[in-house]
Amino acid sequence: MSDRYGDFVQSSIGKKVAKNLGLPMPVELDRFDSGQPLVRGSVLVGRANGDDKSVSASVARILSDVHADVYVNSSDDIKDALSDAGVEAKSNTGGDDKFKVLLFDASNISNADQLKEVYEFFHTVARRVEQSGRVIIVGRTPENLTDIEAALAQRALEGFVKSVGKEFKRGVTAQLIYVEEGAEQNLDSTLRFFTSARSAYVSGQVIRVSTGDNVDVDWTQPLGGKTMLVTGASRGIGEAIARVLAREGAHVICLDVPQQQADLQKVASEISGSVLTVDITSADAGKEIAEAAQNRGGLDSIIHNAGVTRDKTLAKMDEKKWDMVININLGSIAKLNRYLLDNDVLKDNARIVCVSSISGIAGNMGQTNYATSKAGVIGLVDATAKQLEDNAKGMTINAVAPGFIETQMTEAIPFAIREAGRRMNSMSQGGLPVDVAETIAWFASPASGGLNGNVVRVCGQSLLGA
Ligand code: NAD
């Protein structure tokens, strides 16, 4: 879909007009490109003082693995962790050097006074972050801390990160990654995702990495040899998910309703995937998925993407619109998961990923049915995550909650509301289907065993439900 305003402010006259009038100035976001290195610029790394060096050691190992160009502040003792990992870090001399990534290990911060170290690290380089740069803080999960001072300090980091996301503009994203003690080895997939261009439209998010079965992967094809099913794969976000999963090495079973057969066939053949036409609300949908998966030895992942809107204010909403949206967006997912788990269609270490929406977090005018269904998806993820933890097969479930994504669904929104939705976020633009797809590929990776029960918004840090 064209974004005429976005195109206009990219021109030199457009830039001047927007600046003078104080209008939003969306920049072209960096996105995945197979020819480019994972991290497209220098990384400044720092750490808060303290005895626990386990997070820094993992961060250093990952930066070494991705061949990052690493800088440190001269007094910072993270240098030891880096040199142990074989990284020759350069010194940040405080000159004009710009950084693509600012990465701070805050795991040792254990009281309010020590938050000053976060201020000191970021304050001096706040104007030296490149366009589409990344701000990342790694901390400790506050709910797991019994010391009140430590818990409040770690929780405080959320306010810092979310404010940075709103301040830095120019496509810079900011995230907080809480890592459970003992789960430091599970940081790989998450740090690779957030330091790279794959996370272009994800900002202001809090991610929890826990101890869970991690599977080693070949990072050039992390989904190689896996069979993954995507519902609603004939167009929009579902099509993008199918394409990204296939790009990362998966065989994708593309599912959609029979009316979408032609488009579905086209997508599947372009990615050498297979086709399954079935309505996910039909009584035998679970059985049909099981049969399609059986030929390939079961499913490594299911992506519950299919969804519909039937907007009306509550007073005007007929029963049919309510039932349809709840059945497709929520009821069918619960039924399918139950069937696939009860019948061992999902393999060990399987990844279930659901598509929710920021409407399910914030609520939305005219969307009582849709917001109810999408909030229910979050409830389903919360409850299932606990169940999967107990069944000890290494499976995980997570959700993405897209904001304004440029698809046929958002094209149907009236112009004024559509333009507001597009601009009311820290990126001042709508996201692309590929942004949701990249986030799903991160959750679907065998290397993401430490991610269970997360709900990550792909919304450019939308003001809705912020
Ligand atoms: P879309 O309408 O372009 O595509 C949805 C797909 O789901 C279609 O191919 C449709 O045929 C399929 N589908 C619908 N009912 C089905 C059923 N009963 N069985 C099988 N397939 C069915 O929508 P989209 O914008 O690509 O949205 C994809 C998902 O993302 C949805 O769950 C939607 O709620 C969610 N989402 C989208 C946005 C956005 O801005 N586009 C924002 C938040 C959430």
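User: Before we look at the helices of this predicted model, how are the angles sorted into parallel, antiparallel, perpendicular and oblique?

Analyst: Angles under 35 degrees count as roughly parallel, those over 145 as roughly antiparallel, those from 65 to 115 as roughly perpendicular, and the rest as oblique.

User: At what angle do helix α10 and helix α11 pack, and how far apart are their axes?

Analyst: In general, two packed helices are described by the angle between their axes and the distance between the axes. Here helix α10 (residues 285-294) meets helix α11 (residues 319-342) at about 45°, and the axes lie 9 Å apart. The two helices are therefore oblique to each other, and α10 passes α11 in a right-handed crossing. On the α10 side the contact is made by Ala285, Gly286, Lys287, Ile289 and Ala290, while α11 contributes Leu336, Tyr339 and Leu340; sorted by class, this contact has six nonpolar residues, one polar and one charged.

User: Which elements do the buried residues of α6 pack against?

Analyst: The buried residues of α6, among them Ala150, Leu157, Val161 and Phe168, pack against α5 (116-123), β5 (129-139), β6 (173-179) and β7 (205-209). As for length, the 21 residues of α6 (residues 148-168) should span 30 Å at 1.5 Å a residue, which agrees with the 31 Å between its end C-alpha atoms.

User: Is Ala153 buried or exposed?

Analyst: Ala153, which lies in helix α6, counts as buried because its relative accessibility is 0%, where the cut-off for buried is under 20%. Leaving aside residues up to four places away in sequence, Ala153 touches Ile109, Ser110, Asn111, Ala112 and Leu115. The C-alpha atom of Ala153 is separated by 9.7 Å from that of Gly139, 14 residues apart along the chain.

Definitions and conventions
Residues are numbered from 1 along each chain as its sequence is written. This is a predicted model: local features need pLDDT of at least 70, side-chain atom pairs count only at pLDDT 80 or more; totals for chains, interfaces and linings use all residues. Side-chain values use heavy atoms; hydrogens and water are left out. Axes are lines fitted to C-alpha atoms, for helices over the stretch in contact, and angles run from 0 to 180 degrees between N-to-C directions. Helices (H or I, at least four residues) and strands (E, at least two) are DSSP runs, numbered from the N terminus. A crossing is left-handed if the near helix is turned anticlockwise from the far one by less than a right angle, and right-handed if clockwise. Contact means heavy atoms within 4.5 Å. Ala, Val, Leu, Ile, Met, Phe, Trp, Tyr, Cys and Pro count as nonpolar, Asp, Glu, Lys and Arg as charged, and the others, Gly among them, as polar. The expected span of a helix is 1.5 Å times one less than its number of residues. Buried means under 20% relative accessible area, exposed over 50%, partly exposed in between (1.4 Å probe, protein chains only).
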